[in-house]
Amino acid sequence: MAKASLIILVSLAIWISSSLSLVYGAASDPNKFTVLGHVYCDTCRVEFETSISEPLPGAVVKLECKNRTDEKITFQSPEITTDNIGDYKIEVTGDYEDSDCDVTLVKSPRADCNDPTEAWRKARVVLTALDGVTGQIRFANNLGFKKKDALPGCKKVLTDMGYFELKDELGSEFV
């Protein structure tokens, strides 16, 4: 009887520890990350998304990590093309605690919307499990290309947002 109780107790302990491992992800690899992001066309040329910004399917991005000390490339993804709603996904294996990792714009599919600004060309992502950030999914800030000319509806959209310094980007004919 004591032997049967001991077997049941050991089996129960193994089952509970296995269940906890599945629930809390102990079996997952802490050095595998998925970087998710979005690329859009800034139709108002204001360097942020508005209600009339457009997703940019077919845009090309890449992820590159460089060592902070010697600037050597520690990781480089292949070029990734955004899907039909301008979203992308980059799979990364490895820990890049000593590197700065940036998703950068490579190419726009639209001739009328292919003007990136220096600040928009890249989005920093952290690819290490050693900084207190948990989980394998990392979100990059949205990246955008500016349209050659702002759309006529931009004045209303930006005024509704409380943005009044429109002359520089939209030109005096819109203000």
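Cys41 has 0% relative accessibility, so Cys41 counts as buried; buried means under 20% relative accessible area, exposed over 50%, and partly exposed in between, with a 1.4 Å probe and protein chains only.

Some ground rules. This is a predicted model, where local features need pLDDT of at least 70, side-chain atom pairs count only at pLDDT 80 or more, and totals for chains, interfaces and linings use all residues. Residues are numbered from 1 along each chain as its sequence is written, and side-chain values use heavy atoms, with hydrogens and water left out.

Back to Cys41. What is the partner of Cys41 in its disulfide? Cys113, with the sulfur atoms 2.1 Å apart. A disulfide here is a pair of cysteine sulfur atoms within 2.5 Å. The S-S angle for Cys41 and Cys113 is 120°, and the link is right-handed. This pair links distant parts of the chain, 72 residues apart. Cys41 is in strand S1, residues 32-42. Cys113 is in the loop between strand S7 (99-107) and strand S8 (122-125). Helices (H or I, at least four residues) and strands (E, at least two) are DSSP runs, numbered from the N terminus. Cys113 is also at 0% relative accessibility, so Cys113 counts as buried.

How many disulfides does the structure hold? Three.

Next, Cys44 and Cys154. Their sulfurs are 2.1 Å apart. The torsion about this S-S bond is about -95°, so the disulfide of Cys44 and Cys154 is left-handed. Cys44 sits in the loop between S1 and strand S2 (54-55), and Cys154 in helix H2 (residues 154-160). They are 110 residues apart. Both Cys44 and Cys154 are buried.

Then Cys65 and Cys101. The S to S distance is 2.1 Å. At 115° about the S-S bond, this link of Cys65 and Cys101 is right-handed. Cys65 lies in strand S3 (residues 60-67) and Cys101 in strand S7, so the pair ties together parts 36 residues apart in sequence. Cys65 and Cys101 are both buried.

Number the bonded cysteines of the protein in sequence order, and the pairing reads 1-5, 2-6, 3-4.

Last, aromatics. There is one aromatic pair. Which rings form it, and why is it tilted? Phe75 and Tyr96: the ring centres are 5.6 Å apart and the planes at 55°, so the pair is tilted. The rule: rings of Phe, Tyr and Trp (its six-membered ring) pair if their centres lie within 6.5 Å; planes under 30 degrees apart count as stacked, over 60 as edge-to-face, the rest as tilted. Phe75 is in strand S4 (residues 73-76), and Tyr96 in the loop between strand S6 (87-93) and S7. Phe75 is buried at 16% relative accessibility, and Tyr96 is buried at 13%.
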